[in-house]
Amino acid sequence: MIAKPLKRAALRTTRRILSGDERRFIRWHDRLDRGRAADRATDGLEGDAARVLIDLRRDGFARWPGVFADPAFLDDARVSADEILDRARRSLSEAPPGGRAHDERSSAEFWKGSNPQDGRTRANFDAKQRDGVPDALSGVFDHGPLASVVRGYYGIDSVWCGALLVEELAGSKTADAWHFDKLFDQVKVMILLEDATEEQGPLRYKLGTHRRPPELDFLFHRSFKGGPHDGLCYNYPPMPLVDKLGGEVALGTGRAGDAIVFDTLGVHSGSICWSGRRLALVMSFNARTAKNDAIYELFFPERAA
């Protein structure tokens, strides 16, 4: 009975020490982060899956052409996505920027960005609550080849799709700000349901920034200091800093059925949709990495100990 309170106290002390010392935090973070994106073998993967894994390790970003190109899937997925997004727009019509609403027909949560000019409509499904997920979309939760790539990337078996986002970008007047996602290790997969060129506001990604350039140390530490609420959300490097970071900017363009795979610790953003729309599904893959377990314990000691 004494062990758990002592462990919780030790975790709180560790978090307080790391919050107060950026260098100590970065050493702690990088020691736990050594296995990510390492140059391991392709873990038995072949063909496109092996190539995607190699690109993801090198750049933090990879394209998988045609992996969802079955016409029947695309037709049904577009119809289901449009129905969900129509309900989202109706539900959010009176909501303020950043507002959210719950779908009465499913477990989806509707939400729109804090910037009313970003042109996005979103519906998010938690993988643990699949009631109401359209049949046309439910199969992507358990896509074996994609999960195999993520398992190879982190070198562990415990990976899963935690959420599925249905997203439309149309009529935007401003680009999304450059950012990296929460501190936890995470891989996202954007499945294009329609062709996307530079005119449709594709994802932008600074190649190589998934390896945490030293220029971002202070932002990683700032996220950690933010605690379980602010620390587990997006962080936005200032534009002059993004300009100084090395790495080519890759665009998530492609044909309907292509998948864009990326490490969310790399610096990325949306762009302006100049014409038409970008319609996509976005899968979020979680992983039981050593870093994720350690961060979870420090943020939630009462649950972990």
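## From strand to strand

Start with R120: its bridge partner in β5 is L169. Strands here (E, at least two residues) are DSSP runs, numbered from the N terminus. This is a predicted model, where local features need pLDDT of at least 70, side-chain atom pairs count only at pLDDT 80 or more, and totals for chains, interfaces and linings use all residues. Residues are numbered from 1 along each chain as its sequence is written, and side-chain values use heavy atoms, with hydrogens and water left out.

| Strands | Sense | Bridges |
|---|---|---|
| β3 (residues 109-111) and β4 | antiparallel | 3 bridges |
| β4 and β5 (residues 159-170) | antiparallel | 7 bridges |
| β5 and β11 (residues 277-287) | antiparallel | 11 bridges |

How covered are these strands? Buried means under 20% relative accessible area, exposed over 50%, and partly exposed in between (1.4 Å probe, protein chains only). In β4 (residues 120-126), 5 of the 7 residues are buried, so to speak mostly covered. As for β5, 10 of its 12 residues are buried, so the rest of the structure largely encloses it.

Key: Helix = DSSP H or I, 4+ residues; strand = E, 2+ residues; numbered from the N terminus. Pairing = 2+ DSSP bridges.
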